[in-house]
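Open the model in your viewer and keep the selection tool at hand. This tour goes from one stop to the next.

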Amino acid sequence: MAGVSQMKLVNGVAGYVLEDVPHLTDYIPHLPTYPNQLQDNPAYAGVKQYFVNVDDTVAQKIVVHNSSPRGTHFRRAGPRQKVYFKSDEVRACIVTCGGLCPGLNTVIREIVCGLYHMYGVTKVLGIDGGYRGFYAKNTINLTPKVVDDIHKRGGTILGTSRGGHDTSKIVDSIQDRGINQVYIIGGDGTQKGAAVIYEEIRRRGLNVAVAGIPKTIDNDIPVIDRSFGFDTAVEEAQRAINAAHVEAGSFENGIGIVKLMGRHSGFIAMHATLASRDVDCCLIPESPFYLEGKGGLLEFIKRRLKENGHMVIVVAEGAGQDLLAKYLQSMNQQDASGNNLLQDVGLWISHKINDHFARVQKMAITLKYIDPTYMIRAVPGNASDNVYCSLLAQSAVHGAMAGYTGFTVGPVNGQHSYIPLERINERQNQVVITDRMWARLLSSTNQPSFISPRVVAESKKNHYKPPTQLLHGDRCENNH
């Protein structure tokens with residue numbers, strides 16, 4: 001088969017559309033099937049229903065109106081009655097790519113233990129150092145003993161890297177090593193790479209299942225409820241915010257600035273602000289702000305210092321990049337994964353605030369800037385994320401054993417589902433600043449919206465409609 005395969009769409013009799021995931025039998029007909037040995041697994045002896053019904057689907061949207069169509073559904077994740085691999089013939093591999101994120105080792109551990117303990121698979125390889133490890137490094141043999149306590153450590157025992165994606169070399173390595181299940185853990189760039197690997201495997205007609213486990217600490221992957229590591233990141237961010245609050249409160253006109261992760265999406269900054277209740281102002285990429293003039297950030301800082309004597313600002317790393325581009329020469333540089341290298345908005349804002357109060361306001365302030373980014377990325381997952389990582393890993397294993405391929409896993413409205421890779425690669429999930437969650441934050445911090453007077457005037461002219469250039473209402477499914 002040449003080119004890119006088309007998404008599988010199935011029209012349900014009740015009016016819904018199932019966006020199905022590929023299956024090995026789509027391009028290799030008449031594959032043999034085998035009974036799923038979970039029915040003989042003592043751990044599952046007390047389970048009322050071993051297997052997911054073949055017709056079970058999960059609705060993407062659960063809030064509907066009387067006249068709403070049934071909408072888009074995804075295939076429900078879980079074990080199937082028949083599997084397409086004999087346990088002793090499975091040779092699986094696991095690779096981690098991109099930046100670090102809490103929970104990576106937990107996902108690795110649970111894939112290995114799931115294959116061993118649920119399906120009797122004993123040949124599991126770890127690919128060392130990301131995608132380039134397929135063709136440039138040795139593999140690591142993974143067993144339950146090897147991965148026993150890795151969930152207590154941050155980072156990834158397999159190593160990681162950005163870039164290094166050479167599709168032909170990667171698939172050659174998969175073919176030469178006799179690998180028939182590939183588990184790929186990474187963010188949106190990694191999952192795009194997984195989709196290309198799946199297409200090449202399909203083009204060659206190989207009996208190899210490709211399963212993605214989406215990883216992004218920023219929570220910017222669409223469709224799924226949340227990404228693993230996000231809960232831990234929000235929890236760890238509290239330490240930095242608490243430190244900034246203590247520093248700011250200990251000095252007259254003290255200001256604490258905390259920069260958190262969030263290149264294009266401000267979920268960590270927003271949730272950390274709401275959880276803390278010590279933050280006076282939260283700045284995220286989705287909500288433009290300006291510094292000078294009436295209603296600007298600098299005016300708000302002066303007012304808050306006059307009222308409280310100190311303040312705390314949380315800023316996502318991708319916030320205010322348009323302002324920085326005006327003041328700093330942007331080189332449009334990219335990292336190995338193709339992400340634009342961002343200017344340090346925290347340092348820039350700190351400099352602008354110090355300069356403004358020293359030169360314009362003639363007012364003494366004490367400003368402390370904290371950047372805990374890599375401290376947060378390097379911690380192990382918390383209890384919530386560890387449970388979540390286990391479910392993701394086991395769902396991926398069940399899917400691959402059942403012959404599904406070219407899919408990623410994640411919860412949709414609380415139900416774990418198999419999602420076509422192209423769906424999570426379409427766009428990035430973002431905070432909807434016209435949603436109630438952002439309104440909750442504004443009411444918590446009592447900060448202005450920082451929407452420019454020009455946009456407000458245009459909104460009033462249009463009968464007080466929301467400023468459409470700031471709306472991202474069709475960009476997110478999981479703001480509540």
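Helix axes here are lines fitted to C-alpha atoms over the stretch in contact, and angles between them run from 0 to 180 degrees between N-to-C directions. Keep in mind that this is a predicted model.

**Stop 1: the whole protein.** Colour by secondary structure. You will find 14 helices and 17 strands. The protein has 480 residues, and 54% of them count as buried. Now think about contacts with a separation of 6 or more: 77% of them join residues 24 or more positions apart.

Stop 2: Select residues 297-308, helix H7, and residues 345-359, helix H9. At what angle do H7 and H9 pack? The angle is about 65°, and the axes are 11 Å apart. Angles of 65 to 115 degrees count as roughly perpendicular, so H7 is roughly perpendicular to H9. Their crossing is right-handed.

Show the side chains next. From H7, pick Leu-298, Ile-301, Lys-302 and Leu-305. They meet Ile-353, His-356 and Phe-357 of H9. By class, this contact has 5 nonpolar, 1 polar and 1 charged residues.

**Stop 3: the largest nonpolar core.** This core holds 111 residues. Select Ile-94, Ile-111, Tyr-183, Ile-213 and Phe-228, the members that touch the most other members. Then select residues 104-119, helix H1. H1 gives the core its largest share, 10 residues.

Centre the view on Ile-213. Which residues does Ile-213 contact, leaving aside neighbours within four places in sequence? Among them are Val-107, Ile-111, Tyr-183, Phe-228, Leu-392 and Val-409. Gly-186, Gln-191 and Thr-408 are also in contact with Ile-213.

A second, separate core has 25 residues. Select Leu-298, Val-315, Ile-349 and Phe-450 to see some of its members. Leu-298 is also one of the H7 residues that meet H9.

**Stop 4: two positive phi values.** Most residues other than glycine have a negative phi. Select Asn-219, in the loop between strand S11 (209-214) and helix H5 (230-249). Its phi is near 65°, a positive value. Is Asn-219 buried or exposed? Asn-219 counts as buried, because its relative accessibility is 4% and the cut-off is under 20%.

Move on to Arg-277, in the loop between helix H6 (267-276) and strand S13 (281-283). Phi of Arg-277 is positive too, near 65°. Arg-277, though, is exposed, with a relative accessible area of 57%.

How values were computed
Residues are numbered from 1 along each chain as its sequence is written. This is a predicted model: local features need pLDDT of at least 70, side-chain atom pairs count only at pLDDT 80 or more; totals for chains, interfaces and linings use all residues. Side-chain values use heavy atoms; hydrogens and water are left out. A nonpolar core is a set of buried Ala, Val, Leu, Ile, Met, Phe, Trp, Tyr and Cys residues joined through side-chain atoms within 4.5 Å. Buried means under 20% relative accessible area, exposed over 50%, partly exposed in between (1.4 Å probe, protein chains only). Helices (H or I, at least four residues) and strands (E, at least two) are DSSP runs, numbered from the N terminus. Contact means heavy atoms within 4.5 Å. Angles under 35 degrees count as roughly parallel, over 145 as roughly antiparallel, 65 to 115 as roughly perpendicular and the rest as oblique. A crossing is left-handed if the near helix is turned anticlockwise from the far one by less than a right angle, and right-handed if clockwise. Ala, Val, Leu, Ile, Met, Phe, Trp, Tyr, Cys and Pro count as nonpolar, Asp, Glu, Lys and Arg as charged, and the others, Gly among them, as polar.
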